[in-house]
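Here is a short report for a reader new to this structure. Look at the sequence and the model first, then read on.

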Amino acid sequence: LSCVSNIVKEMKDAMMMLPEVVVGKIGRECNRVAHELAQLARRTMHCGVWIDNAPSCISELIVILSLINEGTLFWQKNLSCATNT
């Protein structure tokens with residue numbers, strides 16, 4: 001078994017313990033923070049843990065996402081990311 005198949009098996013086992021699970025693909029625009037962190041990991045050769053402050057590559061994104069979640073900002077580029085609350 002490959003390393004990836006072990007991860008998939010663990011994910012399936014974890015999902016079986018939840019009452020409902022929906023797995024789907026979302027675009028990079030909706031998952032920008034994860035995308036930026038993945039890109040940061042590709043560029044760096046060391047491990048890192050951020051306790052108080054997020055890496056600079058995602059700090060602004062976190063502020064924008066918090067405004068979207070509060071309903072004070074409407075992201076119209078991708079309607080699946082937009083909120084109207």
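## A pair in helix 2

Glu36 and Arg32 both lie in helix 2, four residues apart, about one turn of the helix. Helices are DSSP runs of H or I, at least four residues long, numbered from the N terminus. Glu36 forms a salt bridge with Arg32, with the closest N and O atoms 2.9 Å apart. A salt bridge here is a side-chain nitrogen of Lys or Arg within 4 Å of a carboxyl oxygen of Asp or Glu.

Glu36 is buried, at 16% relative accessible area. Arg32 is partly exposed, at 33%. Buried means under 20%, exposed over 50%, and partly exposed in between (1.4 Å probe, protein chains only). Beyond its neighbours within four places in sequence, Glu36 is in contact (heavy atoms within 4.5 Å) with Cys57, Ile58 and Leu61.

## About the model

This is a predicted model: local features need pLDDT of at least 70, side-chain atom pairs count only at pLDDT 80 or more, and totals for chains, interfaces and linings use all residues. Residues are numbered from 1 along each chain as its sequence is written, and side-chain values use heavy atoms, leaving out hydrogens and water.

## A pair in helix 1

The whole structure holds two salt bridges. Lys9 and Asp13 meet in a salt bridge through their side chains (2.9 Å, N to O). Both residues, Lys9 and Asp13, lie in helix 1, four residues apart. Asp13 is partly exposed, at 38% relative accessibility.

## Cysteines

The structure has zero disulfides (pairs of cysteine sulfur atoms within 2.5 Å). Cys47 is exposed, at 79% relative accessible area. Cys57 is partly exposed, at 25%.

Methods:
Helix = DSSP H or I, 4+ residues; strand = E, 2+ residues; numbered from the N terminus.
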